[in-house]
Amino acid sequence: MSNKTPREKMMSIISQFVGYTAIRLPDDVIAKLSELREKETSPMTKVIYDTMFRNQELAQKLGRPSCQDTGCLQFWVKCGTHFPLIDELEALLKDAVVDATFATPLRHNSVETFDEYNTGKNVGKGTPTVFWDIVPNSDTCEVYTYMAGGGCSLPGNATVLMPGEGYEGVTKFVLDRMTSYGLNACPPLLVGVGVATSVETAALLSKKALMRPIGSHNENERAAKMERLLEDGINAIGLGPQGMGGNYSVMGVNIENTARHPSVIGVAVNVGCWSHRRGHIVFQKDLSFEVTTHSGFVYDENKAPAIIPA
Ligand code: SF4
């Protein structure tokens, strides 16, 4: 019987969940990779997809991360103002990352900028990154976890277009990034696009777009149409799995948008790789929880915290 405090319990659940997402991909990603494997026709693409699935099998069997780059940890929290641990959430998430780093283990990916040393614990100044959405009058807390790998972060870019460049300008911007950097990000990719006013609003939306399930669409019909057109356009580049050529380059294109200043179009693109390690867990105020992304996650209440080097 565990006698953890609520803070320790939530920390431990998040740590175990983060570790689990390093080893097993989300259900929707696995389903999409299976679908693309079936749809591809060349022997090389089949071999690459088979290798990905073999990799997944071994990761689970051996309890090791499915990709050596377990990324910089990022969290997107949608936290109710009445959630009991709201004041402790950022510190608790940081502790969870350190714990998961040694328990899983995860690669050490947090280097202090300018001082150029690796903290060895996956935390540092401002990392893990925590993006906040505050939800008034709610006592639940949704946590999206994300491992931002180096290769899949590389195509990320944001700019502000002249208004006359229109949606054609948005399309050109996204396709230019895909043709120049898409290859580096281990396709098939999930492409997140943000459309807003300025670079930071568009950039945040492009990351938020990567949290959406594969196969979901923007609620605006025109935006949803653009998602499908961009998907067709990026597929036509022919990157294929791991950039070795094929009929399908993407798992999907997700666009998120807000209203914007009429004189500009802020646009950003962000990419998730085939190993798109995002998780979603929803806590109630009593810390009962539901995981929506991974059907197999089981929390081990009695697991001791990792031994963390001083
Ligand atoms: S792009 Fe993704 S799959 Fe490729 S090395 Fe980076 S994290 Fe791993």
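Two residues are taken to be in contact when heavy atoms lie within 4.5 Å. In this predicted model, that criterion links 23 residues of domain 1 with 25 residues of domain 2. The domain assignment places residues 1–149 + 275–310 in domain 1 and residues 152–272 in domain 2. Taken over C-alpha atoms, the centres of domain 1 and domain 2 are 24 Å apart.

The shell is made up of Cys-67, Gln-68, Asp-69, Gly-151, Cys-152, Ala-185, Cys-186, Cys-273, Trp-274, Ser-275 and Arg-277. Sorted by class, six of these residues are nonpolar, three are polar and two are charged. Cys-186, one of the shell residues, has a relative accessible area of 31% and is therefore partly exposed.

Asp-69 sits in the loop that runs between helix H3 (43–62) and strand E1 (72–80). Its relative accessible area is 12%, so Asp-69 counts as buried, the cut-off being under 20%. The side chain of Asp-69 is joined to that of Asn-109 by a polar contact of 3.0 Å. With neighbours within four places in sequence set aside, the contacts of Asp-69 are Arg-107, Asn-109, Gly-149, Gly-150, Gly-151 and Arg-277.

Asp-95 is partly exposed, its relative accessible area being 34%. Beyond its neighbours within four places in sequence, Asp-95 is in contact with Arg-7 and Met-11. With Arg-7 there is a polar contact between the two side chains, at 3.0 Å. Asp-95 and Gly-71 are 24 residues apart along the chain, and 17 Å separate their C-alpha atoms.

A disulfide is a covalent bond between the sulfur atoms of two cysteines. Searching the whole structure turns up zero disulfides. Cys-141 is buried, with a relative accessibility of 0%.

Note on methods: Residues numbered from 1 in each chain as written. Predicted model: local features only at pLDDT ≥ 70, side-chain atom pairs only at ≥ 80, totals over all residues. Heavy atoms only, no water. Near = heavy atom within 4 Å. Nonpolar A, V, L, I, M, F, W, Y, C, P; charged D, E, K, R; others polar. Buried < 20%, exposed > 50% of the residue type's maximum accessible area, 1.4 Å probe, protein only. Polar contact = N/O pair within 3.5 Å; in protein donor to acceptor, adjacent residues only side chain to side chain. Disulfide = S-S within 2.5 Å. Domains from an automatic or database assignment. Helix = DSSP H or I, 4+ residues; strand = E, 2+ residues; numbered from the N terminus.
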